[in-house]
Amino acid sequence: MSISFAEHVRLSCPRCQTEFADEAYIIVDGGERPDLVARILDDTLHDLRCPACGQVGRVPAPLLFHDRRRQRVLFGVPPGMAEPEWRELGQNLLWVLIGALPEEVRLPYLGNVQAEAGLPGVAQIIRQEQLTGAGEGESEELNEEDNEELPPIVIAIQALLAADGPAELLDVLNSQPILDQPQSVTILQELAGEARKTGQAEVARGFERAAELLTQVKQMRTQAQNTAAATQPAPEAVEQLAFALLRSTTGEELAQLVDQHPELLDEPMLAALASYAAEARRQNKQRIADGLDERLAALGELQAQYHQQQPVLEAVQAYLEADSGDEIEAILLEREELTTDAADQALARLGASALADGDADFAAFIGERRAFLRQVRAALEE
Ligand SMILES: [Zn+2]
């Protein structure tokens with residue numbers, strides 16, 4: 001299959017009006033068609049001749065030039081074309097080029113396309129860099145560079161071995177499609193076995209290490225995906241909380257509900273409840289939708305408050321967990337937040353919520369600790 005590619009064009013001669021068909025090369029592979037490279041260099045690649053009168057005219061065509069040996073891709077932008085348009089055109093031509101190349105030479109450099117102004121721009125770079133087809137200076141030394149074209153699996157293995165830490169390993173897995181195939185670990189292990197058989201112990205160790213790393217990073221990704229799925233609240237839980245929210249008509253009731261269901265302040269639950277409200281609205285359940293939206297707005301405010309109150313809540317928690325006079329004294333000295341109104345209110349809410357849960361003993365315990373704090377505050381204020 002040829003890599004260079006010509007577009008068929010139908011033209012009408014501006015001089016004699018003869019209609020004729022011709023072709024203009026828009027992809028040129030330097031190694032394959034040095035004759036076309038010569039036409040790029042003398043700026044005639046896109047010149048077409050009228051078969052009737054001999055008039056020569058130029059078609060405003062793009063040109064993607066590829067040099068596999070020197071790993072270069074140049075794109076000659078047709079004169080006067082707007083950037084978004086030529087970027088898209090260049091991308092499309094690049095796909096055609098990649099599609100025409102054998103799989104083992106589809107290497108990352110292909111993504112690095114250098115844009116130049118038309119044929120003259122491309123010609124200039126070909127001359128400057130003595131790219132394939134430029135004629136002069138095609139020495140043996142340059143031909144040796146063929147060996148530098150590594151197959152994708154080798155590039156992927158090198159990237160795996162070079163990755164530093166889990167995040168980089170995940171990046172490698174995502175950027176090297178060849179690693180994502182289900183059989184990739186087996187292939188690496190087989191390569192290790194082959195290398196060992198032929199006495200290449202060092203190479204075998206490299207393949208083995210790559211196989212281990214690939215196994216680890218694939219497991220890591222599966223776990224991450226499972227965790228993401230687990231944080232999605234179950235539909236029944238969302239529905240239950242939606243109705244619990246609708247029953248909470250005062251701010252106090254809402255705060256109590258949040259104490260019982262702290263997940264109400266988590267982003268996944270808030271998002272799920274918002275979708276639930278939107279769905280209710282689509283089904284013309286206007287009261288449910290409006291009611292929920294109103295509670296969600298209040299929850300948003302509560303969330304902000306809780307973030308602010310986080311240190312107070314932690315202090316209250318530590319205070320409730322203290323189980324000797326000495327410990328209580330130490331925490332009171334350490335946590336100034338405890339002698340604030342916010343701490344007093346937090347304890348009041350926790351007490352009410354314990355009562356609502358039917359835990360009268362815990363409610364009484366919280367009540368005692370709250371009363372003690374009030375005494376301390378009164379003493380401090382004197
Ligand atoms: Zn003509």
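Visitor: What should I know before reading the numbers?

Guide: This is a predicted model, in which local features need pLDDT of at least 70, side-chain atom pairs count only at pLDDT 80 or more, and totals for chains, interfaces and linings use all residues. Residues are numbered from 1 along each chain as its sequence is written, and side-chain values use heavy atoms, with hydrogens and water left out.

Visitor: How many aromatic pairs does the structure hold?

Guide: It holds two. Rings of Phe, Tyr and Trp (its six-membered ring) pair if their centres lie within 6.5 Å; planes under 30 degrees apart count as stacked, over 60 as edge-to-face and the rest as tilted.

Visitor: Why is the pair of phenylalanine 75 and tryptophan 86 called tilted?

Guide: The ring centres are 6.4 Å apart, and the planes of phenylalanine 75 and tryptophan 86 stand at 40°, so the pair is tilted. Phenylalanine 75 belongs to strand 6 (residues 72-77) and tryptophan 86 to helix 2 (residues 83-100), so the pair ties together parts eleven residues apart in sequence. Helices (H or I, at least four residues) and strands (E, at least two) are DSSP runs, numbered from the N terminus.

Visitor: What makes phenylalanine 75 count as buried?

Guide: Buried means under 20% relative accessible area, exposed over 50%, and partly exposed in between (1.4 Å probe, protein chains only). Phenylalanine 75 has 2% relative accessibility, so it counts as buried. Tryptophan 86 has 14%, so it is buried as well.

Visitor: Why is the pair of phenylalanine 362 and phenylalanine 365 called stacked?

Guide: The distance is 6.2 Å centre to centre, with 20° between the planes of phenylalanine 362 and phenylalanine 365. Stacked applies to planes under 30 degrees apart. Both residues lie in helix 15 (residues 360-381), three residues apart, so about one helical turn separates phenylalanine 362 from phenylalanine 365.

Visitor: How exposed is phenylalanine 362?

Guide: Its relative accessibility is 37%, so phenylalanine 362 counts as partly exposed. Phenylalanine 365, at 26%, is also partly exposed.

Visitor: Which strands make up the open sheet?

Guide: It has five strands in the order 1-2-5-6-7, with mixed pairing. Two strands pair if DSSP finds at least two bridges between them.

Visitor: What makes strand 1 and strand 7 edge strands?

Guide: Strand 1 (5-12) and strand 7 (113-117) each pair on one side only.

Visitor: How do you know that strand 5 and strand 6 pair?

Guide: Five bridges join strand 5 to strand 6, and the two run antiparallel. Phenylalanine 65 stands opposite leucine 74 in strand 6. Strand 6 is also joined to strand 7 by five bridges, and these two run parallel. There, phenylalanine 75 stands opposite alanine 115 in strand 7.

Visitor: Why is strand 6 described as mostly covered?

Guide: Six of its six residues are buried. Arg72, Leu74 and Gly76 point one way from strand 6, while Val73, Phe75 and Val77 point the other way. In a regular strand the side chains alternate between the two faces of the sheet.

Visitor: Where is confidence lowest?

Guide: The score is pLDDT, the predictor's confidence in each residue, from 0 to 100. In the chain, the lowest mean is 40, in helix 4 (residues 140-143), and the highest is 96, in strand 5 (residues 63-67). The chain averages a pLDDT of 86, and 95% of the residues score at least 70.
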